[in-house]
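Please look over this structure before the report.

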Amino acid sequence: MNSSAIIDNFKVLESLKTDEMIEFIQKLVRINSVYDPEVENANEEEVAKFIYDFLKKEGFEVYLDEVIPGRPNVIAIYNGNEEGKTLLFEGHTDVVSAGDIAKWQYDPFGAEIVNVNGKDRMYGRGTNDTKGNVGAMIYATKAIKDSGISLKGRIKLCIPVDEEGLMIGIKDFIKKGWADDVDAGIICEPEEKNLCLVQKGALRLGITINGKMSHGAMPLSGNNPVWGIGRVVTELRKLENAEKDRLGKHEYLGWPSITPTTIQTPIKGVAQINVVPTDAYITLDIRTVPGQDHEALINQIQGILDRLMEQYDSGDDRFDAILEIIDNRPVVECDIDEPIVKALSKAYMDIMGSEPIYNGVPGATDGTFLTAWKNIPVVVTGAGDREIPHQVNEWCEIDDLIETAKMYTLAALNFLNDN
């Protein structure tokens with residue numbers, strides 16, 4: 001790095017207002033942005049408008065782009081003074097439910113800062129996943145703007161809705177053309193600042209098993225779909241073990257998995273202990289690793305259902321099932337030689353004083369679709385213990401957030417200014 005780049009880096013880091021950033025993150029956490037279709041105005045709109053107003057006041061080119069009524073993405077752009085590449089920072093506004101608030105030691109929407117073993121932590125839903133990292137990426141970009149240094153290209157901020165759901169926010173962002181000029185992305189998620197280059201695929205399936213309702217005292221006059229549940233789950237466990245044997249344990253992602261997550265019977269109406277239900281429904285959360293093809297897995301599962309339907313095709317033991325695809329997110333990877341990886345690696349070493357840790361994301365992120373649909377190289381990294389998301393008493397260390405903001409700042413300069 002030449003001397004002018006070193007001076008620029010120092011100037012930008014001096015412009016990073018970390019105390020303000022922590023206060024900003026607290027304000028984000030205090031806005032409840034859990035999406036609940038059963039509750040009026042329970043969505044991301046309030047926090048999105050708060051971010052929009054802040055970025056507008058700070059002089060960014062900023063847009064509030066509605067995905068569906070009441071659920072807007074925030075998109076902001078900072079243009080440098082020279083032509084160049086476009087770097088995307090991405091982090092979502094939605095958070096998962098706090099669950100039983102009585103189980104929380106701290107107010108889930110209080111953003112209280114507590115010293116634990118000599119380290120300050122901020123507690124609250126979203127501190128870790130991922131409002132803390134949204135604050136870090138915004139303040140990193142703001143520091144570059146405020147410093148006034150020369151910048152090639154542009155930084156684009158995407159702050160979408162619904163990452164915790166079906167990711168309609170990032171899908172809308174891509175479909176509307178916002179990602180067309182993006183050369184690389186940093187997905188701001190809690191990964192202990194590990195540089196995650198590969199993300200597990202996610203295949204969500206539903207299986208409806210049809211039966212016949214009858215009195216529990218006369219089961220032979222009906223057709224109990226619950227027996228079908230047992231057959232399906234047993235066969236799926238065999239398939240999961242076969243895939244583990246075939247692929248082994250991935251260096252970063254661990255084992256592939258096929259997980260039955262919900263069982264509902266009957267699908268509609270009231271379940272009663274003395275009634276054979278009409279039907280049953282199973283959902284599957286399948287997490288895949290490199291070497292697995294989603295279409296092949298779908299065909300294998302359909303083959304299991306076809307075989308069971310042929311094997312149990314008559315009488316009160318008849319098996320009849322329908323498979324549906326709920327969501328399909330492929331495995332995606334980023335090559336370690338990509339410029340964005342090198343930019344982040346150098347930033348990590350400058351801030352942390354050690355070699356970066358490379359890793360993988362155990363689930364999918366919004367970055368999955370940026371790579372799968374637009375072939376954009378992305379790295380997932382950010383502050384926060386990887387085991388903490390979605391837990392009671394979610395937290396993130398203040399120092400971790402500050403280090404992450406500094407890393408984002410230098411990574412942007414490295415990537416855009418070719419430092």
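The report below takes these topics in turn.

## Basis of the model

This is a predicted model: local features need pLDDT of at least 70, side-chain atom pairs count only at pLDDT 80 or more, and totals for chains, interfaces and linings use all residues. Residues are numbered from 1 along each chain as its sequence is written, and side-chain values use heavy atoms, leaving out hydrogens and water.

## Helix 1

Helix 1 spans residues 3-14, twelve in number. Helices here are DSSP runs of H or I with at least four residues, strands are runs of E with at least two, and both are numbered from the N terminus. From first C-alpha to last, helix 1 reaches 17 Å, close to the 16 Å expected at 1.5 Å a residue. That expected span is 1.5 Å times one less than the number of residues.

A5, N9 and V12 of helix 1 are buried (buried is under 20% relative accessible area, exposed over 50%, partly exposed in between, with a 1.4 Å probe and protein chains only). These residues sit on the same side of helix 1 because they cover an arc of only 70° around the axis; the arc is taken from the directions from the helix axis to the C-beta atoms. An α-helix has 3.6 residues a turn, so residues three or four places apart point the same way. The buried residues pack against helix 4 (131-147) and helix 10 (398-416), where contact means heavy atoms within 4.5 Å. The face turned away from the buried side carries exposed S3, I7, F10 and E14.

## Cis peptide bonds

Most residues other than glycine have a negative phi, and most peptide bonds are trans. The bond from D129 to T130 is cis, with omega near -5°. T130 lies in the loop between strand 5 (119-123) and helix 4.

T265 and P266 are also joined by a cis peptide bond, with omega about -5°. P266 is in the loop between strand 11 (257-264) and strand 12 (275-276).

## Positive phi angles

E192 is not a glycine, yet its phi is positive, about 55°. The loop between strand 7 (184-188) and strand 8 (195-199) holds E192. Is E192 buried, exposed or partly exposed? E192 is partly exposed, at 34% relative accessible area.

N393 is not a glycine either, and has a positive phi of about 60°. N393 belongs to the loop between strand 17 (378-381) and strand 18 (395-397). With 18% relative accessibility, N393 counts as buried.
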